[in-house]
Number of protein chains: 2
Amino acid sequence: MKISALGEFGLIDALKQYAPVSKAVIKGIGDDAAVLSFSKSKYLLLTTDMIAQDTHFTRRMPPQGIGHKALACNISDIAAMGGVPSFAVVSIGIPKNLSVRFIKDVYKGIELVAQAFNVSIVGGDTIKTDKIVINVALLGEVEKEYLVTRDGAKAGDWIFVTGPLGGSLASGRHLSFSPRLAQARFLVEKFKPSAMMDISDGLSGDLNHILKASKVGARLDDASIPRHKGISLFHALNDGEDFELLFTISPMKARSLMDWQSRKKSFYFYPIGTITPDVKEKINSKSFIHF
Amino acid sequence: MKISALGEFGLIDALKQYAPVSKAVIKGIGDDAAVLSFSKSKYLLLTTDMIAQDTHFTRRMPPQGIGHKALACNISDIAAMGGVPSFAVVSIGIPKNLSVRFIKDVYKGIELVAQAFNVSIVGGDTIKTDKIVINVALLGEVEKEYLVTRDGAKAGDWIFVTGPLGGSLASGRHLSFSPRLAQARFLVEKFKPSAMMDISDGLSGDLNHILKASKVGARLDDASIPRHKGISLFHALNDGEDFELLFTISPMKARSLMDWQSRKKSFYFYPIGTITPDVKEKINSKSFIHF
């Protein structure tokens with residue numbers, strides 16, 4: 001059987017047999033980041049993302065944007081757990097004929113994001129490849145009481161996203177998006193969502209991950225799904241690489257969040273539906289799949 | 001300027017301008033692993049290595065061996081700092097036409113090494129690429145008093161390696177080597193080397209890294225450099241991917257180490273030369289360079 005027949009999610013499931021054993025692993029494969037024992041009050045978070053030329057970007061795209069994306073999507077993963085990023089290691093596969101200028105600009109893009117989000121680049125690897133490949137592994141930490149995973153959504157919870165969706169790849173936004181770290185920290189400190197993740201594969205597919213992990217269903221109010229200008233509902237539901245946060249929150253907290261944001265305008269959270277007890281209420285997904 | 005003209009080490013130097021700023025970074029880019037603040041008694045270690053098809057392996061090589069190498073070379077890095085590995089994340093770039101069997105065997109190879117060295121695989125990423133690429137990022141920890149870096153070699157110190165060198169790529173040993181974790185832990189607990197690293201690019205080039213970091217020179221006793229069967233001195237000096245440890249140690253400790261190993265036979269450490277005060281005494285290197 002070829003990978004293309006199995007698909008990425010099938011592959012991840014097939015690989016879960018190689019699950020961690022250590023008691024220090026609070027949460028392993030299957031959330032935005034791994035959760036590891038650290039100290040009395042905090043967990044360590046660890047995540048990794050690989051992006052490759054002609055899969056996630058092309059050589060015609062701005063190299064700083066490529067570097068930006070490589071680190072920012074990892075910061076988005078740490079944010080989605082409620083945590084704060086700290087240290088990153090960066091591996092880059094570089095074709096022989098690439099200019100030093102190009103690769104320096106990739107690093108520049110990484111460094112600008114690192115500075116903006118207080119991340120230290122502490123190591124890495126550079127190797128020769130036919131096409132550009134960048135892997136970032138990012139450490140972070142989270143106070144135990146602020147940790148949010150995918151499996152806590154309850155029937156009746158409201159579903160929110162942090163911003164308009166769709167068209168990220170076509171518009172180039174996937175090379176310049178701002179990971180929603182401040183929003184995530186605000187939420188875990190003030191309103192503690194019941195489940196949270198970042199939207200990397202598309203709202204529909206990613207919401208299904210929360211539904212599956214939480215053993216619940218969902219109903220979306222299509223009209224209230226925020227979309228970027230000129231984006232159809234279909235694309236808002238199914239396009240990948242938006243890196244907005246998707247979270248669920250109890251009705252009581254949802255109402256106080258709505259009340260808060262009617263007064264303050266620093267962030268805006270969009271209610272788009274509700275969690276239901278019926279696990280058969282999945283979202284019809286044409287999610288962005290890399291295979 | 002093309003990467004091929006600059007070379008890997010030139011590139012790493014060029015990128016050091018993007019150095020870490022956080023005070024929590026005890027040691028950043030430039031050693032086998034980054035050293036990070038962790039607890040009163042311990043440091044956190046973080047390292048990453050990327051291997052790619054047709055640079056480090058081919059599709060004709062056994063997939064389990066490829067997986068073995070991907071994790072084992074990271075464990076070797078943690079060992080070289082005196083530490084113990086704990087958690088890993090694994091990213092794999094997979095060509096569309098690759099069989100699921102192949103990729104499962106790659107993971108199997110990773111998992112067998114993980115089990116043997118008590119490492120938990122806690123997450124990862126799978127993406128589509130034209131050729132296979134594997135990145136492992138590995139966390140570890142080390143007691144503060146056991147940390148060994150590259151910059152502590154002193155004039156008069158003896159230079160040791162943990163095993164015979166050369167021919168790793170030609171023989172296939174690079175797909176089945178055992179990282180010298182037990183030897184490293186034995187050394188830091190009982191004899192505390194002054195500097196240590198693993199031999200990934202070749203003895204000559206890697207020793208020069210220690211000399212440069214420690215601001216010293218070295219003289220090797222060519223006849224005492226242990227070689228694999230049928231391997232010339234040239235290849236023992238310059239072949240990469242041996243993953244033996246290279247360390248320096250004070251003359252007094254060196255003599256008690258020699259005394260110890262004349263009685264016990266559990267490990268064997270090979271003295272191959274001495275550190276000198278003359279920084280101009282570099283090793284003539286034809287080291288394995290990936291660019």
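This is a predicted model: local features need pLDDT of at least 70, side-chain atom pairs count only at pLDDT 80 or more; totals for chains, interfaces and linings use all residues.
Me: At what angle do the axes of helix α2 and helix α3 of chain B cross, and within what distance do they come?
Reply: Helix α2 covers residues 63–80 of chain B and helix α3 covers residues 100–116 of chain B; their axes come within 7 Å and cross at roughly 45 degrees. Angles from 65 to 115 degrees would count as roughly perpendicular and those under 35 as roughly parallel. α2(B) and α3(B) are therefore oblique to each other.

Me: Which residues make the contact?
Reply: On α2(B) they include Pro63(B), Gln64(B), Ile66(B), His68(B) and Leu71(B). On α3(B) they include Phe102(B), Asp105(B), Tyr107(B), Lys108(B) and Ile110(B).

Me: How do the residues of that contact of α2(B) with α3(B) divide?
Reply: The contact of α2(B) with α3(B) has 12 nonpolar, five polar and two charged residues.

Me: What should the 18 residues of α2(B) span?
Reply: At 1.5 Å a residue, α2(B) should span 26 Å. The end C-alpha atoms of α2(B) are 26 Å apart, which agrees.

Me: Moving to chain A. At what angle do the axes of helix α2 and helix α3 cross there?
Reply: In chain A, the axes of helix α2 (residues 63–80) and helix α3 (residues 100–116) cross at roughly 45 degrees and come within 7 Å. α2(A) passes α3(A) in a right-handed crossing. Among the contact residues are Gly65(A) and Ala70(A) of α2(A), and Val106(A) and Leu112(A) of α3(A).

Me: What follows α2(A)?
Reply: Gly82(A) follows α2(A), and has a positive phi near 90 degrees.

Me: New topic. Is Arg101(B) buried or exposed?
Reply: Arg101(B) has 11 other C-beta atoms within 10 Å. The cut-off for exposed is 12 or fewer, so Arg101(B) is exposed. Arg101(B) sits in helix α3 of chain B.

Me: How many residues apart are Arg101(B) and Pro63(B) in sequence?
Reply: Arg101(B) and Pro63(B) are 38 residues apart in sequence, and their C-alpha atoms are 9.2 Å apart in space.

Me: Where does Gly123(A) lie?
Reply: Gly123(A) lies in strand β5 of chain A, which takes in residues 120–128. Gly123(A) is buried, with 28 other C-beta atoms within 10 Å.

Me: Which residues does Gly123(A) touch?
Reply: Leaving out residues up to four places away in sequence, Gly123(A) touches Val89(A) and several residues of chain B, including Gly28(B), Ala33(B) and Leu46(B).

Me: Last one. Which phi does Phe243(A) have?
Reply: Phe243(A) has a positive phi of about 60 degrees although it is not a glycine. Phe243(A) is placed in the loop between α7 and β10 of chain A. With 25 C-beta neighbours inside 10 Å, Phe243(A) counts as buried.

Me: And Glu241(B), where is that found?
Reply: Glu241(B) is found in the loop between α7 and β10 of chain B. The phi of Glu241(B) is positive, about 65 degrees, although Glu241(B) is not a glycine. With 19 C-beta neighbours inside 10 Å, Glu241(B) counts as partly exposed.

Key. Residues are numbered from 1 along each chain as its sequence is written. Chains are lettered from A and ligands numbered from 1 in the order in which they are written. Axes are lines fitted to C-alpha atoms, for helices over the stretch in contact, and angles run from 0 to 180 degrees between N-to-C directions. Helices (H or I, at least four residues) and strands (E, at least two) are DSSP runs, numbered from the N terminus. Angles under 35 degrees count as roughly parallel, over 145 as roughly antiparallel, 65 to 115 as roughly perpendicular and the rest as oblique. Two residues are in contact if their C-beta atoms, placed from the backbone, lie within 7 Å. Ala, Val, Leu, Ile, Met, Phe, Trp, Tyr, Cys and Pro count as nonpolar, Asp, Glu, Lys and Arg as charged, and the others, Gly among them, as polar. The expected span of a helix is 1.5 Å times one less than its number of residues. A crossing is left-handed if the near helix is turned anticlockwise from the far one by less than a right angle, and right-handed if clockwise. A residue is buried if 20 or more other C-beta atoms lie within 10 Å of its own, exposed if 12 or fewer, and partly exposed in between; C-beta atoms are placed from the backbone.
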